[in-house]
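Here are my notes on this one, as promised. Have a look at the structure first, then read on.

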Amino acid sequence: MAGPILHVLDHSIPLHSGYAFRTRAILEHQRALGWQTVHVTGPKQGRVNALVEDADGLRFHRTQALDPRVARLPLLGHMALVRALAARVQQVAREVRPALIHAHSPSLNALAALSAGRNLGLPVVYEVRAFWEDAAVDHGTTTEGSLRYRISRALETHALRRASAVTTICEGLRSDIAGRGIDASRITVIPNAVDTAAFSGGALRDETLARRLGIAGKRVLGFIGSFYAYEGLHVLLAALPMMLRADPAVRVLLVGGGEQEKALRAQARMLGVEGCVVFTGRVPHGEVTKYYDLVDVLVYPRLKMRLTDLVTPSKPLEAMAQGRILAASDVGGHRELIEDGRTGVLFEAGCPNALAHSVSRLLASPERWPDLREQARRFVERERTWSASVARYRDVYRSLAGEAFA
């Protein structure tokens with residue numbers, strides 16, 4: 001039996017994020033295949049009480065957080081993070097003797113893993129979930145083409161060229177990576193997926209919850225996730241007055257939270273629709289299916305930019321598995337998941353009029369819903385289960401560490 005897979009992570013559970021939940025799914029399904037896994041998180045996990053921590057049946061080796069004064073320093077803070085994480089990876093690797101190192105985005109994790117792998121003589125897989133520089137543009141910490149953007153992009157390409165193998169989450173990212181001169185034969189897509197057993201395919205509405213939220217008997221449009229600027233939730237609110245004129249029973253249910261919540265609440269007040277928008281705050285992950293079942297149409301109005309054109313989100317897959325109706329903007333990441341008119345509907349990104357038109361047509365055509373739900377659920381069951389997705393790692397690992405991963 002080969003040694004374990006040593007995963008190098010930005011952060012993990014018990015923190016809640018799409019990144020942490022994807023990681024947990026990967027680790028659980030790799031273990032179901034009989035593979036041993038060991039997990040190291042970097043300083044971005046934050047302050048930790050112990051260097052080893054258990055969460056949801058998984059053990060994580062933590063790296064101490066950086067001194068905030070150092071972490072804030074341009075470039076020097078990044079170098080300090082790489083050094084600290086590389087040292088921790090080497091320390092853990094000497095204890096567990098892994099067969100290989102598997103680093104997950106961002107590129108600083110890959111640089112730390114490559115440093116450790118070089119010193120220990122171990123192959124390194126680098127998994128790209130998004131490009132750090134594009135996320136920074138959305139967060140407003142840099143602009144496309146700036147010096148920081150170009151440096152971040154160069155670091156990413158440097159890591160990709162030196163990794164023993166590259167995995168990524170979707171075809172959009174695969175194409176961009178190949179466009180950087182990376183041999184396509186070294187790139188494997190391990191797509192986002194869902195655990196279909198955790199989603200009922202559509203259960204009865206929890207009417208008690210609906211009454212508590214003030215949406216009983218209403219036509220509910222919903223979004224479940226983090227309120228980042230690129231999600232375009234302001235476009236959904238801008239479209240709401242138009243949809244209310246067509247159907248006064250329409251309500252918007254926003255489940256989650258994030259950096260845009262304050263601005264969205266202010267926008268709802270400015271538009272005079274605050275009584276038609278319900279903010280639930282964040283809900284426990286185990287209860288999220290109850291909220292899916294309150295929604296008639298899930299709306300994903302992502303804005304068009306490099307990040308959303310290249311990266312596929314995971315939330316629409318959850319909605320499909322739960323048997324919900326989807327309406328989404330026509331960015332590349334959505335087009336990779338949703339077939340317009342078959343598994344959901346697409347509308348022009350950034351256009352409130354297009355959103356209002358598409359969603360109002362859906363609400364007025366309930367006879368279409370059963371087929372849309374069935375086709376969406378079939379797509380997930382056929383192509384986007386975690387067991388099928390994680391099995392794709394087998395060939396990657398086997399090429400680097402032998403038949404132990406057969």
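What covers the buried residues of α10? Keep in mind that this is a predicted model.

1. To take that question directly: the cover over the buried residues of α10 includes α9 (233-246), β10 (250-257) and β11 (277-281). The buried residues themselves, in a helix spanning residues 261-271, are Glu261, Leu264, Gln267 and Ala268. Viewed down the axis of α10, these buried residues fall within an arc of 120°, so they line one face of the helix.

2. On the face pointing away from the buried side you'll find Lys262, Arg269 and Met270, which are exposed. After the helix comes Gly272, with a positive phi near 75°.

3. On to the sheet. It is open, with six strands ordered β11-β10-β9-β12-β13-β14 and parallel pairing. β11 and β14 (345-347) are the edge strands, each pairing on one side only. On average, neighbouring strands in this sheet are turned by 25° against each other, ignoring direction.

4. Leu221 has Val297 of β12 as its bridge partner.

5. Then the helices that lie across these strands. α15 (residues 352-363) lies across β9, β10, β12, β13 (325-329) and β14, and its angle to β14 is about 160°.

Notes
Residues are numbered from 1 along each chain as its sequence is written. This is a predicted model: local features need pLDDT of at least 70, side-chain atom pairs count only at pLDDT 80 or more; totals for chains, interfaces and linings use all residues. Side-chain values use heavy atoms; hydrogens and water are left out. Buried means under 20% relative accessible area, exposed over 50%, partly exposed in between (1.4 Å probe, protein chains only). Helices (H or I, at least four residues) and strands (E, at least two) are DSSP runs, numbered from the N terminus. The arc is that of the directions from the helix axis to the C-beta atoms. Contact means heavy atoms within 4.5 Å. Two strands pair if DSSP finds at least two bridges between them. Axes are lines fitted to C-alpha atoms, for helices over the stretch in contact, and angles run from 0 to 180 degrees between N-to-C directions.
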